[in-house]
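Me: I have a model open and would like to learn how to read it. Could you take me through it one feature at a time?

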Amino acid sequence: MAEIIDGKQISAQIKEELKQEVAELSAQGRECCLAVIQVGNDPASTVYVGNKKKACAYIGITSQAYELPEETTEEELLSLIEKLNQDKTVHGILCQLPLPVHINEDRVIAAISPKKDVDGFHPQNVGALVIGQKGFVSCTPAGIIQLLKRSRIEISGKHCVIIGRSNIVGKPMALLMLRENATVTVCHSRTEGLADICKSADILIVAIGKPRYIGAEYIKEGAVVIDVGIHRDENNKLCGDVKYEEAASAASFITPVPGGVGPMTIAMLMHNCVEAMKLYS
Ligand code: NAD
């Protein structure tokens, strides 16, 4: 039976470390501030934004909330971002996605100063990751690296298979695993022979976006399984992309859902925010 990688505990540890660091910076008169923008009132976004504000309060980061109506125009949103870019008291800017369809997400992401882009979505930060330069890294994949390292799982030289090639998870994950010297294979919706490829993975990272899709036939005995998916099943229970029980009987380590990757995303957002202040203010 696999050992559980406890994302709740590891994220709590990271938040504790950050809380201490923020207190020390605050004693020197340096206050960290994150601006959180939400356009419209998508219920899932409201939950995510609420959790981010709570994490800020816990760590000692000031959060400024901008709750804009659904009919906000792209120009209005861009002008708010520009104002926040110029505001020296704001260190991080987060614009909760998805945005209403009349707003171009790429334009909004590109408008956020790369120095305040704590989500790590700006093309300059993505480019920095590609060529191995410093920059902000997308929070979910960065959190997965922390889960692996803090669980003392060897990455270097291992075969890592990632299912999913999204800009937010799959692609940055592949780049981070390369940076950690893994041999990386990226699979996606057009991949042929998915199960065989997955079965050759020492570390299998699943970000396929389909509830309980990956079962034992995809998992090598003793592999590390990281489940990025978050869904509600027919009983309104949270579940991942992986069939947990089956996978846990083959794997050596596994992340549960909830309590695995999910809590790490916010912890890494907080980390990026503190970094933004330390580096650029
Ligand atoms: P996405 O829908 O953008 O990407 C899914 C990827 O899976 C695509 O690249 C697609 O090519 C691939 N795919 C789809 N069907 C496939 C198939 N049959 N075989 C192989 N590949 C296939 O999703 P995303 O934004 O990358 O998120 C993935 C999952 O992770 C979702 O469940 C999402 O809710 C979750 N997620 C969780 C967190 C977190 O904090 N825990 C953060 C982001 C996303």
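Me: Where is Asn236 found?

Reply: Before that, a word on what you're looking at. This is a predicted model, where local features need pLDDT of at least 70, side-chain atom pairs count only at pLDDT 80 or more, and totals for chains, interfaces and linings use all residues. Residues are numbered from 1 along each chain as its sequence is written, and side-chain values use heavy atoms, with hydrogens and water left out. Now the helices and strands: helices (H or I, at least four residues) and strands (E, at least two) are DSSP runs, numbered from the N terminus. Asn236 is in the loop between β9 (231-232) and β10 (238-239).

Me: Is Asn236 buried or exposed?

Reply: The words have cut-offs: buried means under 20% relative accessible area, exposed over 50%, and partly exposed is in between (1.4 Å probe, protein chains only). Asn236 has 51% relative accessibility, so it counts as exposed.

Me: And what is phi of Asn236?

Reply: Phi there is near 65 degrees, a positive value in a residue other than glycine. Asn181 is another case, with phi near 70 degrees. You'll find Asn181 in the loop between α7 (170-179) and β6 (183-187).

Me: How far is Asn236 from Asp42?

Reply: Their C-alpha atoms are separated by 18 Å, and the two are 194 residues apart along the chain. Asp42 sits in the loop between β2 (33-39) and α2 (43-59), and with a relative accessible area of 34% it is partly exposed.

Me: What does the side chain of Asp42 make a polar contact with?

Reply: A polar contact is a pair of N or O atoms within 3.5 Å; within protein, one must be able to donate a hydrogen and the other to accept it, and residues adjacent in sequence count only if both atoms are side-chain atoms. Here the partner is the side chain of Ser45, at 2.9 Å.

Me: Which residues come nearest to the ligand?

Reply: A residue is near a molecule or strand if one of its heavy atoms lies within 4 Å of it. There are 22 residues around the ligand, and Arg165, Ser166, His188, Ser189 and Thr265 come nearest.

Me: How many aromatic pairs does the structure hold?

Reply: The general idea first: a pair of aromatic rings is described by the distance of the centres and the angle of the planes. Rings of Phe, Tyr and Trp (its six-membered ring) pair if their centres lie within 6.5 Å; planes under 30 degrees apart count as stacked, over 60 as edge-to-face and the rest as tilted. The structure holds 1 such pair. Phe136 and Tyr280 are edge-to-face, with 6.4 Å centre to centre and 70 degrees between the planes.

Me: Why does that pair tie together parts that are 144 residues apart in sequence?

Reply: Because Phe136 lies in the loop between α5 (123-130) and α6 (139-150), whereas Tyr280 lies in helix α10 (residues 262-280). Phe136 is buried, at 6% relative accessible area, while Tyr280 is partly exposed, at 44%.

Me: What sits over the ring of Tyr58?

Reply: A charge sits over a ring if NZ of Lys or CZ of Arg is within 6 Å of the ring centre and within 35 degrees of the ring normal. Over Tyr58 it's the charged end of Lys19, 4.2 Å from the ring centre. Tyr58 lies in helix α2 and is partly exposed, with a relative accessible area of 39%.

Me: Which residues are joined by a cis peptide bond?

Reply: Look at omega here. The bond from Leu97 to Pro98 is cis, with omega near 0 degrees, and a cis bond also joins Val257 and Pro258, with omega about 0 degrees. Pro98 is in the loop between β4 (92-95) and α4 (105-111), and Pro258 is in the loop between β11 (253-254) and α10.
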